Amino acid sequence: NIFNPFPEEIDRLLTSSRARIHFAPNEEATANLTKAKGRVVNTGNNTLSDSLQYAKTMPCDDQKIEDVISSEKYFVFVIHRQENLSKDDFVREVMKHISHASKKMKCVIILHKITEIKLKQLGLLEDLMADDHYITFPRVDYFDFMKLLQGAEFVITDGGSNQEELSYMGKPCFIMRKTTERYEGIGENAVLMGDKGLDSMERFIDDYKSYEKVVSDRIGSPSKIVIDELIK
């Protein structure tokens, strides 16, 4: 669907038409490429899973993040996609739900520049920054961000890569998207908003513990499969 997600899917289709080798992260993705030109290789997982393993070996670079992780319970909130931020009423309604949840548990908000601008336009940023129920960060280093996600009770996000990362962690997450091109976590640790709207987010927050998933030991490295195939 070239409009979901937009514009990433167009980029993928254009790139795929030129590719000689396609690396797919699971059986479903491999099946989607049956008509693709060139060789299709199932890597078993996204190479993100290797990045996560590496992230665990890295020390935390930001002391503020280290302090957050080692203190009280918190959840992480990320909203940065154009299709969400372009809808003022949606953003206002989301922030009402987040504000309600933050009264029960600290909320760590990642302020992408586009997110910061939108919240300022809507007159929401100043009150948010002054409210001690929130902890705000600009976009942070990948390894530190993974530590923030790993330490969270749950995550509310509209990021597709977050969906994959959190499925590998077994971390409860709510995906603020009508559709997702990824299978990871859906029906297990991840709840997709879909057409159900934000009431489903409220239900997820109240019952997030039931979405915790025990992660099995990882078998093999998708990055090694990619490299071995390229060498061959």
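User: Helix axes are lines fitted to C-alpha atoms over the stretch in contact. In this predicted model, at what angle do helix 3 and helix 10 pack?
Analyst: Helix 3 covers residues 48-55 and helix 10 covers residues 160-169. Their axes lie 10 Å apart. The packing angle is about 60°.

User: Are helix 3 and helix 10 roughly parallel or oblique to each other?
Analyst: Roughly parallel requires an angle under 35 degrees, and roughly perpendicular starts at 65. The angle here is about 60°. Helix 3 and helix 10 are therefore oblique.

User: Which residues of helix 10 meet helix 3?
Analyst: The crossing of these two helices is right-handed. The residues in contact divide into four nonpolar, two polar and two charged. Helix 3 brings Leu48, Ser49 and Leu52. From helix 10 come Ser161, Glu164, Glu165, Tyr168 and Met169.

User: How are helix 6 and helix 11 oriented, roughly parallel or oblique?
Analyst: Helix 6 (residues 88-102) packs on helix 11 (residues 199-206) with axes 10 Å apart. The angle is about 15°, and the cut-off for roughly parallel is under 35 degrees. The two helices are therefore roughly parallel.

User: Which residues of helix 11 make the contact with helix 6?
Analyst: The crossing of helix 6 and helix 11 is right-handed. Helix 6 contributes Val94, His97, Ile98, His100 and Ala101. On the helix 11 side the residues are Met201, Glu202 and Ile205.

User: Which element gives the most residues to the largest nonpolar core?
Analyst: This core has 30 residues, of which Phe75, Phe77, Ile98 and Ile156 touch the most other members. Strand 3, helix 6, strand 4, helix 8 and helix 11 each supply at least two residues. With six residues, the top contributor is helix 6.

User: Which residues does Phe77 touch, leaving out those up to four places away in sequence?
Analyst: Phe77 is one of the residues that touch the most other members of the largest core. Its contacts include Val94, Met95 and Ile98.

User: How many residues are in the second core?
Analyst: The second core is separate. Its members include Ile110, Tyr168, Cys173 and Ile175. The count is 26 residues.

User: Is Glu229 buried or exposed?
Analyst: Glu229 sits in helix 12, residues 222-231. Beyond its neighbours within four places in sequence, Glu229 contacts Ile21, Phe23, Arg39 and Val41. Its relative accessible area is 11%, and the cut-off is under 20%. Glu229 is therefore buried.

Conventions: Residues are numbered from 1 along each chain as its sequence is written. This is a predicted model: local features need pLDDT of at least 70, side-chain atom pairs count only at pLDDT 80 or more; totals for chains, interfaces and linings use all residues. Side-chain values use heavy atoms; hydrogens and water are left out. Axes are lines fitted to C-alpha atoms, for helices over the stretch in contact, and angles run from 0 to 180 degrees between N-to-C directions. Helices (H or I, at least four residues) and strands (E, at least two) are DSSP runs, numbered from the N terminus. Angles under 35 degrees count as roughly parallel, over 145 as roughly antiparallel, 65 to 115 as roughly perpendicular and the rest as oblique. A crossing is left-handed if the near helix is turned anticlockwise from the far one by less than a right angle, and right-handed if clockwise. Contact means heavy atoms within 4.5 Å. A nonpolar core is a set of buried Ala, Val, Leu, Ile, Met, Phe, Trp, Tyr and Cys residues joined through side-chain atoms within 4.5 Å. Buried means under 20% relative accessible area, exposed over 50%, partly exposed in between (1.4 Å probe, protein chains only). Ala, Val, Leu, Ile, Met, Phe, Trp, Tyr, Cys and Pro count as nonpolar, Asp, Glu, Lys and Arg as charged, and the others, Gly among them, as polar.
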